[in-house]
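I opened my notebook beside the model today and jotted down what I looked up. Here are the entries, in the order I made them.

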Amino acid sequence: MSKCLDAILLSALLATPVLADPLGLGRDALPEEIAAWDVDVMPDGTGLPEGSGDVMTGEEVFLEKCAACHGDFAEGLGNWPPLAGGEDTLDRKDPVKTVGSYWPHLSTVWDYVNRSMPFGQAQLLTPDETYAITAYILYSNYLVEEDFVLSRENFSEIAMPNAEGFIIDDRSDAEYPLFTVEACMQDCKESVEITMHASVIDVTPGEAADEEEASPASNEEEPAVDPELVAAGEKQFNKCKACHMVGEDAQNRVGPVLNGIIGRAAGAVDDYTYSSAMAEAEIIWDDEELRAFLGDPKGFLPGNKMSFPGLKASEDIDAIIAYLRAHP
């Protein structure tokens, strides 16, 4: 009887206009919604906004917003990729793939900077700033002169050195026919085994730390402040600015605010979601713990979200700690 009623109910529902459509869900996107997402720039310049930017302005913006990761001259820092150089290296075992040596289209540079940069502050650049940064990257690769001005009008005139270095995509002829044959359903595995969970490889955000776990500041006597060491630490902190802030108006970015970190418990900043490893770590950030963490973040606390590879020079670590100590 129950199966009979279910069948009648299902037949009635399928006869309604809503479920007659493929899924019966949602609505058509509005033109302004489509326009908000349709921000891609094509190799021929289609999609570029009005605007322009010169090399010298681009250098100023690049130093402020990009150099902490990519170096003052776009040469790259640590594990952050270089954007310039690498000429004549593509035939080597370890090629240096930069905008100048590898990228075939300038539109990719503009589009990526516009969408994703600066790291942690995506889509805050104006069109003019994006043109200027792109112009500076071209200059850093010796592709334009220092008085060059990039604009929508001359964008397609820029020829990238490796534009002819790619093989034309012929998958529609070479590969698609192989995937359109009847699927093989023989000799399949009898069971599927889960070998790894997302939480183990740290792709699942952890819970915010309990405020009660935050420990009070250490009662140990504070060491004397060395102004020169603090100044050196401020310079070293440029490598951290993409993710962390300190100072009066500091806010959480990709990483938490670092004001008052000396003597603070790990995972204790409000309104910041830590990795499980950091949230559950029973660590008080004193000089010794910070020195170990800054030298090898992943090795010191496996599973934390810190992508920075660490500082190798002990004097750089001492300088960073002194700078952080100056921001209680």
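In which loop is Pro-118 found? I traced the chain and found Pro-118 in the loop between H6 and H7. The peptide bond leading from Met-117 to Pro-118 is cis, with omega near -5°.

**Ground rules.** I noted that this is a predicted model, in which local features need pLDDT of at least 70 and side-chain atom pairs count only at pLDDT 80 or more, while totals for chains, interfaces and linings use all residues. Residues are numbered from 1 along each chain as its sequence is written, and side-chain values use heavy atoms, with hydrogens and water left out.

**Overview.** I looked up 14 helices and two strands in the protein chain; these are DSSP runs numbered from the N terminus (helices H or I, at least four residues; strands E, at least two). Of the 328 residues, 33% are buried. Buried here means under 20% relative accessible area, exposed means over 50%, and partly exposed is in between (1.4 Å probe, protein chains only). I also looked at contacts (heavy atoms within 4.5 Å). Among those with a separation of 6 or more, 55% join residues 24 or more positions apart.

**Helix H4.** Which residues of H4 are buried? I wrote down Val-55, Gly-58, Val-61 and Phe-62. They sit on the same side of H4, because they cover an arc of only 120° around the axis; the arc is that of the directions from the helix axis to the C-beta atoms. A handy reminder: an α-helix has 3.6 residues a turn, so residues three or four places apart point the same way. On the face turned away from the buried side I found the exposed residues Glu-60 and Glu-64. The cover over the buried residues of H4 includes strand S1 (52-54), H5 and H7.

**H4 against H7.** The axes of H4 (residues 55-65) and H7 (residues 127-140) come within 7 Å and cross at roughly 95°. Axes are lines fitted to C-alpha atoms, for helices over the stretch in contact, and angles run from 0 to 180 degrees between N-to-C directions. Among the residues making the contact are Val-61 and Phe-62 of H4 and Ile-133 and Tyr-136 of H7.

**Helix H6.** I listed the buried residues of H6, including Leu-106, Trp-110 and Asp-111. H7 and strand S2 (149-151) are among the elements that cover the buried residues of H6.

**Cysteines.** How many disulfides are there? I got zero, taking a disulfide as a pair of cysteine sulfur atoms within 2.5 Å. The sulfur of Cys-66 is too far for a bond, because the closest cysteine sulfur, in Cys-69, is 8.7 Å away. Cys-184 is in no disulfide either, with the nearest cysteine sulfur, that of Cys-188, 6.3 Å away. Cys-66 is buried at a relative accessible area of 11%, whereas Cys-184 is exposed at 60%.

**Loop residues.** Ala-74, in the loop between H5 and H6, has phi near 65°, a positive value in a residue other than glycine. Ala-74 is buried, at 0% relative accessibility. Asp-187, between H9 (176-179) and H10 (227-236), also has a positive phi, about 55°, but Asp-187 is exposed at 81%.
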